[in-house]
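Open the model in a viewer and keep the selection tool at hand.

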Amino acid sequence: MPYRRQIRTRAECDGCGDQWLGALDIDYEPLFATRAQARRLLADQFGWSITFEGMWCSQCAARRECDLVGHIWETDADDGPDTWVYGEPLPVSRFCDRCGEHLPLDIADGTHHPEHVPGLLSEDDHALLAELEAAFGSGPGGPS
């Protein structure tokens, strides 16, 4: 019986490498006959975001989108995953509908320093904040 060599394409996410496989509800690693087939099936069946900049699994694509344009907070702070850990309640949190991130309510609503929370402000918001800091200074005494 002769042997036949087959070459398959394996997908790795630019965000998490091969960690995306752990989130799948399958017990095998998807392998593809060609790169074109991989791109098509990853986008269509697995929800990947594929651009000229890279390839991201659905979870990393959601996190990347939130980093670029900000989170989509649920309207009711009580919605979302269970808010108990080891039998202790977490502070009231907001949950992002896109990436599943959760933040304490006062941070998600911006009463603390939202510029320090990844994905809370969009790139435009960061640019505007930088312009304001440049115009008015960031010290306690006003303009520098």
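Residues are numbered from 1 along each chain as its sequence is written, and side-chain values use heavy atoms, with hydrogens and water left out.

**Whole chain.** Colour by secondary structure: there are four helices and eight strands, where helices (H or I, at least four residues) and strands (E, at least two) are DSSP runs numbered from the N terminus. Their order from the N terminus is β-β-α-β-β-α-β-β-β-β-α-α. Of the 144 residues, 25% are buried, that is, under 20% relative accessible area with a 1.4 Å probe and protein chains only.

**Helix α1.** Select residues 35–46, where A38, L41, L42 and F46 are buried. Looking down the axis of α1, the buried residues fall within an arc of 105°, so they line one face of the helix; the arc is taken from the directions from the helix axis to the C-beta atoms. The cover over these residues includes β1 (9–10), β2 (31–32), β3 (49–50), β4 (55–56) and α2 (58–69).

**The core.** Now select C13, W20, F32, L42 and W48, which touch the most other members of the 14-residue largest nonpolar core. Such a core is a set of buried Ala, Val, Leu, Ile, Met, Phe, Trp, Tyr and Cys residues joined through side-chain atoms within 4.5 Å. Helices α1 and α2 are the elements that give it two or more residues, and α1 has the largest share, four residues. Centre on L42: leaving aside neighbours within four places in sequence, L42 is in contact (heavy atoms within 4.5 Å) with A11, W20, F32, G47, W48, I50 and M55.

**Helix α4.** Move to residues 123–136. These 14 residues span 20 Å from first C-alpha to last, close to the 20 Å expected, which is 1.5 Å times one less than the number of residues. Just after α4, G137 has a positive phi of about 80°.

**Confidence.** The average is 76, and 71% of the residues score at least 70. Strand β5 (residues 84–85) has the lowest mean, 58, and β4 the highest, 92. Finish at residues 139–144, where pLDDT stays under 50. Where pLDDT is low, the predicted coordinates should not be read in detail.

Notes:
Buried means under 20% relative accessible area, exposed over 50%, partly exposed in between (1.4 Å probe, protein chains only). pLDDT is the predictor's confidence in each residue, from 0 to 100.
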